[in-house]
Amino acid sequence: MNTLITVAPTGAEHAKADVPQLPTTLAELVETARTCQDAGAAMIHLHIRDAEHRPTLDPGLLKAAVDAVRSETDLIVQLSTGGSVHDPLESRLTVLDAEPDSCSLTCGTLNFGDDVFLNPFSFMSDLYVRAQERQIVPEFELFDLGHAVALGRLIDRHGLPFGGKVHCDFVTGVPGGMPSTPAALLAGVALLPPEVTSWSATGIGRGHLPILATALAAGGHARVGMEDNIVYARGRVVQANSELVARAARIATDLQRPPMTTDQAREFLGIKRR
Ligand code: KMH
Ligand code: ZN
């Protein structure tokens, strides 16, 4: 099966002052989206920033980002509903008003370094049902093994997501979550509920490459990008997200699982054209 490559170009954690090449303006995001699609990405996981480059869930800025990426590329546009650890739950629900193709949905609360990333089951349920109603396809973010179990509870309670597919993404290596080891990733895969139709994985920081290699070898898909990792190789900082996408595409192609096109990915994930 070909490989779904998702790029997560920005995130909410890195500061523009520390990483000036982090795409934070709308123009930078659109350019990043274009080059990453050319390099092999089919989906983009978006966090946006305000004029001071700080993470924001401003509804107008979210809508502008969705519209701009959609008009300039054919990428599947996924908005983060995780936001930053400081965003209130209510604002995280309103992300869906921007009408993305897909939204992230994290399947449990965890310590996030010294902070707490809050995802109570009631919030997960609200987000799940709202995504169903708006025909937005969720991607379930699994930061720890118990999150796979919580995903099963969501499906049992509310039925399948819009589109009928269940795609999840392991995010490993957050201090407080599952580690970036092949054993932990494969344990997570073994715990996935039977309704799951596909999974991808990303490793934070130095876990990036081992997790990429394990995911591809185990039949999973890949998420890469500066949200998760800003080091390309020892002593060399990532200059552009497209470098990470291009490397994942090369490895996947060598493994005889070349990148999916955007059309293939839409079909694969049950995404409707808007
Ligand atoms: N920024 C993290 C606190 C998501 O996008 O849904 C949450 C996160 C997950 O990045
Ligand atoms: Zn994110």
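**Ligand site, pockets and cavity**

1. Ligand 1 sits in the largest pocket, where sitting requires more than half of the molecule's atoms to lie within 2 Å of the pocket's grid points. On a 1 Å grid over the protein atoms alone, a pocket is an open set of points with protein on both sides within 12 Å along at least five of seven lines, whereas a cavity is a set where a 1.4 Å probe fits but cannot get out; lining residues have an atom within 4 Å of a point.

2. This is a predicted model, in which local features need pLDDT of at least 70 and side-chain atom pairs count only at pLDDT 80 or more, while totals for chains, interfaces and linings use all residues; side-chain values use heavy atoms, without hydrogens and water. Residues are numbered from 1 along each chain as its sequence is written, and chains are lettered from A and ligands numbered from 1 in the order in which they are written.

3. The largest pocket has a volume of about 360 Å³, a volume being the space filled by probe spheres set on grid points that are joined across faces, edges and corners. Its lining comprises 23 residues, and Glu13, Phe112, Phe143, Val174 and Glu227 lie nearest its centre. The lining divides into eight nonpolar, ten polar and five charged residues; Ala, Val, Leu, Ile, Met, Phe, Trp, Tyr, Cys and Pro count as nonpolar, Asp, Glu, Lys and Arg as charged, and the others, Gly among them, as polar.

4. The shell around ligand 1 (residues with a heavy atom within 4 Å) includes Glu13, His45, His47, Phe112 and Glu227. By class, this shell holds three nonpolar, seven polar and two charged residues.

5. Which atoms make polar contacts with ligand 1 (pairs of N or O atoms within 3.5 Å)? A polar side-chain atom of Ser104 is 2.6 Å from a ligand oxygen, a polar backbone atom of Gly83 is 2.8 Å from a ligand nitrogen, and a polar side-chain atom of Glu227 is 3.0 Å from a ligand oxygen. The protein covers 98% of the 300 Å² of accessible area that ligand 1 has on its own (Shrake-Rupley method, 1.4 Å probe).

6. The second largest pocket holds about 230 Å³ of space. Among its lining residues are Arg206, His208, Asn229, Tyr232 and Arg247. Strand E13 (231–233) and helix H7 (208–217) each supply at least two lining residues, and E13 gives the largest share, three residues.

7. One cavity of 30 Å³ or more is found in the whole structure. About 60 Å³ of space lies in the largest cavity, whose lining includes His47, Ser80 and Gly83; these residues also belong to the surroundings of ligand 1.

Technical notes. A polar contact is a pair of N or O atoms within 3.5 Å; within protein, one must be able to donate a hydrogen and the other to accept it, and residues adjacent in sequence count only if both atoms are side-chain atoms. Helices (H or I, at least four residues) and strands (E, at least two) are DSSP runs, numbered from the N terminus.
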